[in-house]
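Student: Could you take a close look at one part of this model with me? I would like to start from a single residue and then see the surroundings it belongs to.

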Amino acid sequence: MDRELHGRLDELQRDPYPHYERARLADGLTHVAELDAWLVARDADVREVLRRPAEFSSANALLPDVLPAPAALAVLGGGFGGRPVVVTADGALHQQLRAPIVRGLSPARVAAALPYAAERAAALVDGFVKDGHVELMSAYAGKLPGDVIGRVVGLDPADVPAVVHGGHRAEELLFRPLEEDEQVAAAEDVVAMQHILDRYARERHAEPREDLCTELVASLVGEGESEGAGELTLEHRHELVAHLQNLLIAGHLTTTALIGTTVLHLLRHPRQWELLCAEPERIPAAVEEAARYDGALQGFRRVTTGPVTLAGTELPAGATLFVAFGGANRDAARHPRPDEFDITRTAERHLAFGLGAHGCPGSQLAREQLRLTLEELTRRLPGLRLADDRPVTMRPTMIHRSPEALHLTW
């Protein structure tokens with residue numbers, strides 16, 4: 001992608017909502033050059049695509065915006081992964097890959113992780129509560145989700161920072177235009193993360209535990225039902241690292257982003273922040289409204305498996321769509337006054353966590369972390385406000401939308 005087009009893509013990603021509105025008002029679908037895709041932004045159309053996975057494949061869901069330079073690709077060749085993951089799989093393979101994740105993120109597992117999540121949330125706030133100011137993304141939002149998903153997966157807390165850093169670097173490498181030496185450095189960080197995850201796969205195969213990593217190993221390697229089952233092969237290790245990397249990145253980057261955007265919009269609407277402080281029982285509703293109003297995951301790509309008609313537009317096989325959850329969530333046909341942030345609204349079911357076969361299996365864990373965050377901040381820092389001298393800029397991404405930095409004072 002050339003620099004000019006990438007600049008236009010950055011602009012779209014920092015504020016996609018005007019593009020969504022134009023697409024909703026247009027007849028049929030709109031092709032957007034910056035996304036190199038047909039933009040699906042109406043609630044009914046997004047739901048139709050998500051309900052027809054056989055015709056709208058997820059194979060291109062994580063298609064990168066940037067192809068790394070050969071030197072960076074050579075570094076990545078020394079790592080693990082590169083195999084199908086749940087987000088990009090269809091049909092029976094998708095069900096097979098998704099099943100252990102759904103079990104590992106069951107309501108019981110999430111409930112078991114909540115005391116630790118509450119403890120970490122309180123400890124992180126302890127670290128800045130007396131300072132009178134904080135940059136929330138680095139001091140809190142970028143830390144809590146990694147700690148929590150690391151706990152669920154079964155990581156030693158000492159390994160979590162390197163894994164979180166590797167996840168950020170993987171996003172940069174595939175979605176930001178970096179100079180070649182910086183691409184190589186990012187690739188080295190990604191490979192370092194992959195070697196950590198490979199170590200966990202091998203350790204859990206040798207000594208199973210009650211954690212999600214063990215669940216993934218057992219589901220993939222099997223337990224004696226066929227010849228060779230139970231043996232951890234090199235191919236298994238590649239597959240397990242791919243799953244773990246995808247799961248961990250989804251588990252921390254998206255929740256980090258959602259914490260940031262939620263606090264941002266509450267503080268941009270001081271009366272709603274004051275209402276939440278006075279009536280903390282409204283926190284679950286505030287979580288849903290924040291996810292609807294400005295979701296971290298704005299959408300995913302899909303590709304047509306054959307000729308198909310959507311919203312009156314005839315699409316050939318192989319057509320790329322950008323299925324905009326964020327666009328659907330601002331559709332007045334489902335959400336009255338869609339561009340207003342209102343935690344008191346009567347909630348309609350939004351699409352911030354997807355729908356159907358590819359609905360986010362970690363949505364409850366994300367919601368609980370956001371709830372704990374708002375409980376901590378409203379109780380301990382009711383005077384919280386945005387720093388006047390530090391304007392907020394949104395990160396240029398459609399899959400982890402959040403403030404680049406969020407400077408707060410009280």
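Is D36 buried or exposed, and what is its relative accessible area?

Tutor: Happy to! Keep in mind that this is a predicted model. D36 has a relative accessible area of 56%, and because exposed means over 50%, D36 counts as exposed. This residue lies in the loop between β1 (30–32) and β2 (37–40). Its backbone deserves a glance too: phi of D36 is positive, about 50 degrees, although the residue is not a glycine.

A311 sits in the loop between β6 (308–310) and β7 (313–315). Its relative accessibility is 28%, so A311 counts as partly exposed.

Another loop residue to look at is E348, found between α15 (325–328) and α16 (363–380). E348 is partly exposed as well, with a relative accessible area of 40%. Leaving out residues up to four places away in sequence, E348 touches R334 and H335. From E348 to L25 there are 323 residues in sequence, while their C-alpha atoms are 21 Å apart in space.

The largest nonpolar core has 103 residues, and Y140, V153 and L408 touch the most other members. Helix α12 (residues 234–268) gives the largest share of this core, 14 residues. As for V153, its contacts are D211, L212, C213, L244, L247 and L248, again not counting residues up to four places away in sequence. There is also a second, separate core of 13 residues, with L9, L12, A23 and L35 among them.

Stepping back, the protein chain contains 16 helices and 10 strands. Its radius of gyration is 21 Å, close to the 22 Å that the globule rule gives for 410 residues, so the chain is as compact as a globular protein of that length. Along its principal axes, the C-alpha trace spans about 65 × 55 × 45 Å. Of the 410 residues, 55% count as buried. Among contacts with a separation of 6 or more, 75% join residues 24 or more positions apart.

Last comes the surface as a whole. The protein chain exposes about 17,600 Å², and carbon and sulfur atoms supply 52% of it. There are 43 positive and 60 negative side chains, with the centres of the two sets 4 Å apart.

Conventions. Residues numbered from 1 in each chain as written. Predicted model: local features only at pLDDT ≥ 70, side-chain atom pairs only at ≥ 80, totals over all residues. Heavy atoms only, no water. Core = buried A, V, L, I, M, F, W, Y, C linked by side-chain atoms within 4.5 Å. Buried < 20%, exposed > 50% of the residue type's maximum accessible area, 1.4 Å probe, protein only. Helix = DSSP H or I, 4+ residues; strand = E, 2+ residues; numbered from the N terminus. Contact = heavy atoms within 4.5 Å. Rg over C-alpha atoms; globule rule 2.2 N^0.38 Å. Areas by Shrake-Rupley, 256 points an atom, 1.4 Å probe, with all protein chains shown as cover. Lys, Arg positive; Asp, Glu negative; His and termini not counted. Charge placed at Lys NZ, Arg CZ, Asp CG, Glu CD.
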